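Dear colleague,

Please find the structure below, together with its sequence.

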Amino acid sequence: MLYYCVQAGLDMAIVNAIHVQPYAEIDTEERNLCEDLIFNRRPDALQLFIEHFETVTVSTESAVADPTEGMTPEQKIALVHLASS
């Protein structure tokens, strides 16, 4: 959703950079389910979204380290600003 917000003109947002997955790295099936829901392309989009993500499990073992750990607040803000440019 952040991808489409930026495309629509969003120029500032408060996000946790560790939880942002690049648009191109999102699985095609999951991306289509999300886009169907966001853009209301199907009457059953919410149901399909729920059914799919009820079966998804998140592995905490493969969790990515926080790339902003040890940064000052000013450095974190600069990083988020650069990521949205």
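**Aromatic pairs**

Five aromatic pairs are counted in this predicted model, where rings of Phe, Tyr and Trp (its six-membered ring) pair if their centres lie within 6.5 Å, and planes under 30 degrees apart count as stacked, over 60 as edge-to-face and the rest as tilted. One of them is the edge-to-face pair of Tyr4 and Phe39, at 4.9 Å centre to centre with 90 degrees between the planes. This pair links distant parts of the chain, 35 residues apart: Tyr4 belongs to helix H1, and Phe39 to the loop between H2 and helix H3 (45-54). Helices (H or I, at least four residues) are DSSP runs, numbered from the N terminus. Tyr4 is partly exposed at 24% relative accessibility, as is Phe39 at 40%; buried means under 20% relative accessible area, exposed over 50%, and partly exposed in between (1.4 Å probe, protein chains only).

Phe49 and Phe53 form a tilted pair, with 4.7 Å between centres and 45 degrees between the planes. Because they are four residues apart in helix H3, about one helical turn separates Phe49 and Phe53.

Tyr3, Tyr4, Tyr23 and Phe39 make up one aromatic cluster. Over the face of Tyr23 lies Arg31, 4.9 Å from the ring centre (the criterion being NZ of Lys or CZ of Arg within 6 Å of the ring centre and within 35 degrees of the ring normal).

**Salt bridges**

There are three salt bridges, each defined as a side-chain nitrogen of Lys or Arg within 4 Å of a carboxyl oxygen of Asp or Glu. Arg42 pairs with Asp44, their closest N and O atoms being 2.9 Å apart. In it, Arg41 meets Glu35 at 3.4 Å and Asp36 at 2.8 Å. Glu35 is buried, at 8% relative accessibility, and so is Asp36, at 14%, whereas Arg41 is partly exposed at 45%.

**Nonpolar surface patch**

Leu2, Val6, Leu10, Val15 and Val20 form a nonpolar surface patch with about 320 Å² of accessible area together. Patch residues have over 30% relative accessible area and no salt bridge, nonpolar side chains (Val, Leu, Ile, Met, Phe, Trp, Tyr) being joined within 5 Å and like charges within 9 Å. Accessible areas come from the Shrake-Rupley method with a 1.4 Å probe; for residues, only the protein chains shown count as cover. Val15 sits in the loop between helix H1 (2-7) and helix H2 (28-38).

**Conventions**

Residues are numbered from 1 along each chain as its sequence is written, and side-chain values use heavy atoms, with hydrogens and water left out. Local features need pLDDT of at least 70 and side-chain atom pairs count only at pLDDT 80 or more, while totals for chains, interfaces and linings use all residues.

Kind regards

Key: Helix = DSSP H or I, 4+ residues; strand = E, 2+ residues; numbered from the N terminus.
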